[in-house]
Amino acid sequence: MKKSGVLSLIVVITMTLAACAGGQAGEAKREGQQEQNGKKIVVFSVLQADPMYSLAEKKYEEQHPDVDIQIKEYGGGEGSNQEGDLEKYVKTTNTELLSGKGADLIALDVSGLPVEKYVDKQALVNLSELMKQDPDFDSNLYEMNILDGAKMRGGLYSLPLRFFLDSLMGDAKAIEQSGVKFDDSTWTWGEFTEVGKRLAASGGHTYSMGNTPPERMLNILFVDNYTRIVHEEKRPASFDTSAFVGLMEQVKTMYAEKVVTDAEVNAGDYFFAPALILSPEDYFEGPAMFYEQGKIYRKPLAAGQQAGVTFLMHKNLGINRNSKVQAEAWDFLKFLLSEEMQTMPGLQGFSLNKKVNEKTLKDLEDKGAIESPLGSVIPVQKADIDMIKQMLADATTPQKNESKIQQIIEEEAKAYFNGQKSAQAVAELVANRVTTYLNE
């Protein structure tokens, strides 16, 4: 080929590549190389747009002009096919992460993402190591018991920006009038059953809990017993059928003793109801919605569970181990934990930032009262604030919500509770389906 022909071909190829690059302006360079404007790109993958992330992007870039945070959203917003968006996000994240590709920073609190598998495949950065290596990271500023509880395989790979506290709300007035005493800081589900029998005998309410099918009650206990029953540390994953049989039998006893019922019961006509505390205000508002004199009680402990409080992680983020901009992704993640971002209005849950929680609780105590959604005035007393602080300090056990496994349990457990199959037979079916799912 003549030189002129070669030159023409090079020009055509160059122009084509330039056009492709221009058409992909919204897509970041996965290699993390600097663009022509000298900025480093951090691709942040999320299912749906989030005001906190959008504001953080803007503020962070103002403070770090050499970094460009690019939020890659999979959800189409209101009116979109949410199920399809979710499936696309999970499938794309799986394919990219497990093949050494994908975004730099990834939202991991999406149902269906096998985070443990990502850890096993060494696809995520151990954030515990980054914390140790970062002289600017002061662990005293954060609720480290939450981060310790969030660890898996000995390291922190999925960091929650926020968290909820799992508990029960109860009819404090009826419980006090019953004369039944119990210590909710240490009670177990077995003790809950005994307390429920005594409460019912007092005549206050017929049931301790209502409107709860037994298979759902089984899952309420299972999420706290997850690590005792499902063993994922070593592959292939295994399932303790004996422990699961014990759990099913324990639940069946609750219904046989009429402590819990699946019958429809009016709100407030039972002693307790499950309560996920979504904010400091929710500690007061939740019970007030159900009871004349409501109160938050600690959720009973699972068998073998250390004394403490169960929590649910929210806004979990991880860093791609193959990212070329790990330092920038980590710095942005720290910015999301800052007081500036954690005090943004409208955020659900408690903050991982201690100062934010302390200020919120002090403001509540100083205010002295809050108005419930029903219009009543709820007093805020020091004893209540102290209780919340203690629950925050005692939050050590993460609630393991694996939707696919919980679906399997609900499907199979019905046959045991309606008398069609034995507990052992159901446990073996559940074990087979769960281990197949985890090891596939």
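**The whole chain**

The model is predicted, and local features need pLDDT of at least 70, side-chain atom pairs count only at pLDDT 80 or more, and totals for chains, interfaces and linings use all residues. Residues are numbered from 1 along each chain as its sequence is written, and side-chain values use heavy atoms, with hydrogens and water left out.

Along its principal axes, the C-alpha trace spans about 100 × 55 × 45 Å. Of the 440 residues in the chain, 48% are buried; buried means under 20% relative accessible area, exposed over 50%, and partly exposed in between (1.4 Å probe, protein chains only). Among contacts (heavy atoms within 4.5 Å) with a separation of 6 or more, residues 24 or more positions apart account for 77%.

**Helix 2 and helix 12**

Next, select helix 2 (residues 51-63) and helix 12 (residues 326-336). Their axes come within 10 Å and cross at roughly 115°; axes are lines fitted to C-alpha atoms, for helices over the stretch in contact, and angles run from 0 to 180 degrees between N-to-C directions. Helix 2 passes helix 12 in a right-handed crossing; a crossing is right-handed if the near helix is turned clockwise from the far one by less than a right angle, and left-handed if anticlockwise.

Show the side chains at this contact: Met52, Tyr53, Ala56, Glu57, Lys59, Tyr60 and Gln63 of helix 2 meet Glu328, Asp331, Phe332, Phe335 and Leu336 of helix 12. By class, the contact has seven nonpolar, one polar and four charged residues; Ala, Val, Leu, Ile, Met, Phe, Trp, Tyr, Cys and Pro count as nonpolar, Asp, Glu, Lys and Arg as charged, and the others, Gly among them, as polar.

Now centre the view on Glu328 in helix 12. Is Glu328 buried or exposed? Glu328 is buried, with a relative accessible area of 17%. Leaving aside its neighbours within four places in sequence, Glu328 is in contact with Lys40, Val42, Tyr60 and Val67.

**Salt bridges**

The structure holds 20 salt bridges, a salt bridge being a side-chain nitrogen of Lys or Arg within 4 Å of a carboxyl oxygen of Asp or Glu.

- Select Glu340 and Lys59, which form a salt bridge with the closest N and O atoms 3.5 Å apart. This pair links distant parts of the chain, with Glu340 in helix 13 (residues 339-342) and Lys59 in helix 2, 281 residues apart. Glu340 is partly exposed at 37% relative accessible area, and Lys59 is partly exposed at 26%.
- Select Glu292 and Lys173, whose closest N and O atoms are 3.5 Å apart in a salt bridge. Glu292 lies in the loop between helix 11 (282-290) and strand 8 (294-298) and Lys173 in helix 7 (residues 172-178), so the pair ties together parts that are 119 residues apart in sequence. Glu292 counts as exposed at 69% relative accessibility, whereas Lys173 is partly exposed at 29%.
- Select Arg298 and Asp394, whose side chains meet in a salt bridge (2.8 Å, N to O). Because Arg298 lies in strand 8 and Asp394 in helix 15 (residues 382-394), the pair ties together parts that are 96 residues apart in sequence. Arg298 is buried, at 7% relative accessible area, and Asp394 is partly exposed, at 21%.
- Select Asp134, Asp331 and Lys334, which salt bridges with shared partners join into one network.

**Helix 16 and helix 17**

Move to helix 16 (residues 403-417) and helix 17 (residues 423-439), whose axes come within 9 Å and cross at roughly 160°. Helix 16 is therefore roughly antiparallel to helix 17, a label for angles over 145 degrees. Helix 16 passes helix 17 in a right-handed crossing. The residues making the contact include Ile405, Ile408 and Ile409 of helix 16 and Val426, Leu429 and Val430 of helix 17. By class, this contact has 13 nonpolar, no polar and four charged residues.

**Two loop residues**

Most residues other than glycine have a negative phi. Finish with Gln122, whose phi is near 55°, a positive value, in the loop between helix 4 (115-120) and helix 5 (127-133). Then select Arg153, which has a positive phi of about 55° and is found in the loop between helix 6 (144-149) and strand 4 (159-171). Arg153 counts as partly exposed at 21% relative accessibility.

Key. Helices (H or I, at least four residues) and strands (E, at least two) are DSSP runs, numbered from the N terminus. Angles under 35 degrees count as roughly parallel, over 145 as roughly antiparallel, 65 to 115 as roughly perpendicular and the rest as oblique.
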